[in-house]
Amino acid sequence: MTDDPQTRPNRLDLGRVFNEVPELYDRVRPGYPDELFADLGAITGMDRRSSVLEVGCGTGQATRTLATLGCSVTAVEPGAGMAALARRRLASFPDVDIEGSTFEEWDDRGRRFDVLGAAQSWHWVDPSIGWQRAHDVLSPGGWMALLGHVVVRRPGEPEVYAETADLHERFCPGNPDWGHPPLEEELRTTDEGWGLVDGPGGLFGPTIVRWYPTVQWFDGDGFADHLRSLSLFRRLDRDVREPLLDAIAERIRSRMGDRASRRYLSVLRVGQRAE
């Protein structure tokens with residue numbers, strides 16, 4: 001259950017879906033490992049002289065790390081509430097500019113960038129527009145970088161989805177998006193391409209893919225709050241969502257010792273702009 005291309009709502013709903021809960025989103029969503037940004041810098045040559053365009057910055061979780069590297073960052077975010085929170089959180093960084101827009105409609109004003117980054121957001125961009133725009137706004141030799149998280153499981157580890165499958169079916173029957181996440185070892189074998197249904201064709205060179213294990217631990221109430229930040233649950237009517245999440249929280253308390261993991265492989269996919 002992640003925000004992935006198979007479970008995304010209409011892209012036009014992006015601002016509404018997450019803009020409802022920017023503070024919750026900022027509090028419960030996982031960050032990215034330092035090793036990921038170190039690899040991003042090593043691969044792209046990104047340094048204090050680099051200009052970075054971030055597409056869909058949300059509340060600025062990845063933006064902050066880019067800013068601490070000394071890069072000049074222009075971040076595009078369609079959700080007014082998300083952008084406002086990001087501006088407050090990043091006010092101490094003079095070289096960060098957050099502009100309110102979708103990437104498809106954003107006015108680049110002729111600007112060109114060394115790196116375009118999208119952290120858990122590129123699947124919201126219309127691929128028939130986004131890939132070509134990304135190519136166009138990058139300088140020659142520039143780099144495209146997609147950051148994300150994929151929920152995974154490990155054999156023998158108590159698994160919250162298995163423990164709550166009956167609750168999902170009771171409160172929201174027949175939803176095809178419910179299900180077990182893939183095994184971590186299986187996912188590590190899928191290390192080619194951009195991880196998306198619609199790729200960029202010949203606009204970018206071969207993709208470099210790196211995986212980074214990450215885990216969050218929650219009590220029942222915390223896990224329910226986390227689910228409240230996901231598009232899959234935000235799309236549900238409140239009268240369905242809240243009883244379902246209350247039941248999940250109680251199940252975690254009663255059957256799992258009030259401790260549940262959200263295990264991920266964070267992923268970095270990087271490719272250089274083709275000329």
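Me: Let's start with a pair. Are Phe 218 and Phe 223 buried or exposed?
Reply: Both Phe 218 and Phe 223 are buried. Keep in mind that the model is a predicted one.

Me: OK. How many aromatic pairs are there?
Reply: The count comes to 9 aromatic pairs. Phe 218 and Phe 223 form an aromatic pair, with 5.9 Å centre to centre and 80° between the planes.

Me: And why is that pair called edge-to-face?
Reply: Because planes over 60 degrees apart count as edge-to-face, and for Phe 218 and Phe 223 the angle is 80°.

Me: Which residues form an aromatic cluster?
Reply: Phe 103, Trp 106, Phe 113, Trp 122, Trp 131, Trp 194 and Phe 204 form one. One of its rings, Phe 103, also has the charged end of Arg 133 sitting over it, 5.4 Å from the ring centre.

Me: What lies over the face of Trp 217?
Reply: That's Arg 259, at 4.0 Å from the ring centre.

Me: Trp 217 again, then: how far is its C-alpha from that of Arg 263?
Reply: The two C-alpha atoms are separated by 8.4 Å, while the residues are 46 apart along the chain. Trp 217 is also in the contact list of Arg 263.

Me: What else does Arg 263 touch, leaving aside neighbours within four places in sequence?
Reply: Val 150, Val 151, Val 152, Arg 154, Glu 157, Glu 184, Thr 214 and Val 215 are in contact with Arg 263 as well.

Me: Where is Arg 263, and is it buried or exposed?
Reply: Arg 263 has its place in strand β7, residues 260-272. Its relative accessibility is 10%, so it counts as buried.

Me: And Arg 251, buried or exposed?
Reply: Arg 251 is buried too, with a relative accessible area of 11%. It lies in helix α11, residues 238-255. Neighbours within four places aside, Arg 251 is in contact with Glu 163, Thr 164, Asp 166, Leu 167, Arg 170 and Met 256.

Me: Switching to backbone. What is phi of Arg 109?
Reply: Near 50°, which is a positive value in a residue other than glycine. Arg 109 is found in the loop between β3 (96-100) and β4 (113-119), and it is exposed, with a relative accessible area of 56%.

Me: What about Gln 120?
Reply: Gln 120 has a positive phi of about 55° and isn't a glycine either. Its spot is the loop between β4 and α6 (127-137). Arg 109 is exposed, whereas Gln 120 counts as buried, at 16% relative accessibility.

Me: What does Leu 40 contact, sequence neighbours within four places aside?
Reply: Gly 45, Met 46, Leu 66, Ala 145, Leu 268 and Val 270.

Terms used: Residues are numbered from 1 along each chain as its sequence is written. This is a predicted model: local features need pLDDT of at least 70, side-chain atom pairs count only at pLDDT 80 or more; totals for chains, interfaces and linings use all residues. Side-chain values use heavy atoms; hydrogens and water are left out. Rings of Phe, Tyr and Trp (its six-membered ring) pair if their centres lie within 6.5 Å; planes under 30 degrees apart count as stacked, over 60 as edge-to-face and the rest as tilted. Buried means under 20% relative accessible area, exposed over 50%, partly exposed in between (1.4 Å probe, protein chains only). A charge sits over a ring if NZ of Lys or CZ of Arg is within 6 Å of the ring centre and within 35 degrees of the ring normal. Helices (H or I, at least four residues) and strands (E, at least two) are DSSP runs, numbered from the N terminus. Contact means heavy atoms within 4.5 Å.
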